[in-house]
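Subject: Model for you to look at

Hello,

Here is the model I promised to pass on. Please open it next to this note and check the points below as you read.

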Amino acid sequence: MIITFEELQAFLEEQFPQGEAFGTLQKLGDGWAEMRLEVDEEHLRPGGTVSGPAMMGLADVTMYAALLSKIGLVPLAVTTNLNINFLRKPAAHAAIWARANLLKVGRTMGVGEVFVYSEGVEEPVAHSTMTYSVPPEKYRN
């Protein structure tokens, strides 16, 4: 792992403070990350469930954290593809959390998957696969 939990947490707070609206970093390892989102009224959709955009945002920022654990603090790493399958209804007022695992990281891209869970529900509520573009060295900090 190239960075520590504390380094990534400080980076996210400084460089991506709006990201906290999508989730907060809970755990970080070599090629994986876990984040949590406290669900409130702004995350709900009609029908009393967590909205798709809330789950997608959490999945995306969790994958970003996992990728940075391998490539370092690279602000310009960006999502190029995100596919998500909504598997079951999350609890309306329970936190959701995600675990991202990288499947492959190369010079120009990283690929991984994310499982999203709702507290109190044992099975995942969503599964996502993503590809991130990793910028060339000359575009990094």
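**What was found**

This is a predicted model, so local features need pLDDT of at least 70, side-chain atom pairs count only at pLDDT 80 or more, and totals for chains, interfaces and linings use all residues. Residues are numbered from 1 along each chain as its sequence is written, and side-chain values use heavy atoms, with hydrogens and water left out.

**The sheet**

Start with the strands. Helices (H or I, at least four residues) and strands (E, at least two) are DSSP runs, numbered from the N terminus. Two strands count as paired if DSSP finds at least two bridges between them. Six strands make an open sheet, and its order is β1-β2-β6-β7-β8-β5. The pairing is antiparallel. β1 (24-29) and β5 are the edge strands, each with a single partner, so one side of each has no neighbour in the sheet. From one strand to the next, the twist averages 20 degrees. Axes here are lines fitted to C-alpha atoms, for helices over the stretch in contact, and angles run from 0 to 180 degrees between N-to-C directions.

Helix α2 (residues 52-71) packs on this sheet. Contact means heavy atoms within 4.5 Å. α2 touches β1, β2, β5, β6, β7 and β8. The direction of α2 makes about 45 degrees with that of β6.

Thr-24 stands opposite Arg-36 in β2. The two strands form a hairpin with two residues between them. Gly-31, in the turn, has a positive phi of about 90 degrees.

Phe-86 belongs to strand β5 (residues 78-86). Its place is opposite Ala-126 in β8. Buried means under 20% relative accessible area, exposed over 50%, and partly exposed in between (1.4 Å probe, protein chains only). Phe-86 is partly exposed, at 44% relative accessibility. Leaving out residues up to four places away in sequence, Phe-86 touches Gly-52, Met-55, Met-56, Val-125 and Ala-126. The C-alpha atoms of Phe-86 and Val-125 are 6.1 Å apart, although 39 residues separate the two along the chain.

**Salt bridges**

A salt bridge is a side-chain nitrogen of Lys or Arg within 4 Å of a carboxyl oxygen of Asp or Glu. By this rule there are five salt bridges.

Glu-34 pairs with Lys-27, with the closest N and O atoms 4.0 Å apart. Glu-34 is buried at 12% relative accessible area, whereas Lys-27 is partly exposed at 46%. Arg-99 also bridges to Glu-34, at 3.1 Å between the closest N and O atoms. That pair links distant parts of the chain: Arg-99 is in strand β6 (residues 96-105), Glu-34 is in strand β2 (residues 32-37), and they are 65 residues apart. Arg-99 is partly exposed, with a relative accessible area of 26%.

Then there is Glu-119 with Arg-36, whose closest N and O atoms are 2.2 Å apart. Glu-119 lies in the loop between β7 (109-118) and β8 (126-133), and Arg-36 in strand β2, so the pair ties together parts 83 residues apart in sequence. Both ends are partly exposed: Glu-119 at 34% and Arg-36 at 22%. Shared partners join Lys-27, Glu-34 and Arg-99 into one network.

**The core**

A nonpolar core is a set of buried Ala, Val, Leu, Ile, Met, Phe, Trp, Tyr and Cys residues joined through side-chain atoms within 4.5 Å. The largest one has 39 residues, of which Leu-8, Leu-68, Ile-96, Val-114 and Val-116 touch the most other members. α1 (5-15), β1, β2, α2, β6, β7 and β8 each supply at least two residues. α2 gives the most, with twelve. Ile-96 has contacts beyond four places in sequence that include Met-35, Leu-37, Val-50, Leu-58, Val-116 and Tyr-117.

**One buried histidine**

His-43 sits in the loop between β2 and β3 (44-45). It is buried, at 8% relative accessibility. Beyond four places in sequence, the contacts of His-43 are Ala-21, Leu-37, Glu-38, Thr-49, Val-50, Ser-51 and Ala-54.

Best wishes
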